Amino acid sequence: MDGNYITMSGASMATPLISGAAALLLTENPHTRPAEIKRLLLQKAKPFGGLLTAEVCRTI
């Protein structure tokens with residue numbers, strides 16, 4: 001680290017990322033049910049810190 005950033009982890013850090021990914025999915029598919037959003041997020045998730053980017057969400 002270069003001193004300008006700190007490292008954090010846990011649910012409180014993941015929540016805004018997943019909320020944003022869900023919002024992107026809903027923007028593209030406004031009538032999608034919550035269970036389908038969850039399925040899509042889990043389908044694209046990567047273990048150990050893989051990020052679900054806006055680009056990935058557009059390919060779903």
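A salt bridge here is a side-chain nitrogen of Lys or Arg within 4 Å of a carboxyl oxygen of Asp or Glu. By this rule the chain has one salt bridge. The model is predicted: local features need pLDDT of at least 70, side-chain atom pairs count only at pLDDT 80 or more, and totals for chains, interfaces and linings use all residues. Residues are numbered from 1 along each chain as its sequence is written, and side-chain values use heavy atoms, with hydrogens and water left out.

Start with the fold. The chain holds three helices and zero strands. Its pattern along the sequence is α-α-α. Helices (H or I, at least four residues) and strands (E, at least two) are DSSP runs, numbered from the N terminus.

Next, the surface. The accessible surface comes to about 5000 Å². Carbon and sulfur atoms contribute 61% of that surface. Areas come from the Shrake-Rupley method with a 1.4 Å probe; for residues, only the protein chains shown count as cover. Of the 60 residues, 15% count as buried. Buried means under 20% relative accessible area, exposed over 50%, and partly exposed in between (1.4 Å probe, protein chains only).

Now turn to helix α2, which spans residues 34–44. Its buried residues are I37, L40 and L41. They lie on the same side of α2, because they cover an arc of only 100° around the axis. That arc is taken from the directions from the helix axis to the C-beta atoms. On the other side of α2, A35, K38 and L42 are exposed.

Take one residue from each side. L41 has 11% relative accessibility, so L41 counts as buried. L41 and L25 are 16 residues apart in sequence, yet their C-alpha atoms are 8.9 Å apart in space. K38 also sits in helix α2. Its relative accessible area is 55%, so K38 is exposed. The C-alpha atoms of K38 and I18 are separated by 9.7 Å, and the two residues are 20 apart along the chain.

Back to the salt bridge. Side chains of opposite charge can pair when their charged atoms come close. Here the side chains of R39 and E36 meet, with 2.7 Å from N to O. Why are these two separated by about one helical turn? R39 and E36 are three residues apart in helix α2. An α-helix has 3.6 residues a turn, so residues three or four places apart point the same way. R39 is partly exposed, because its relative accessibility is 41%. E36 is partly exposed as well, at 31%.
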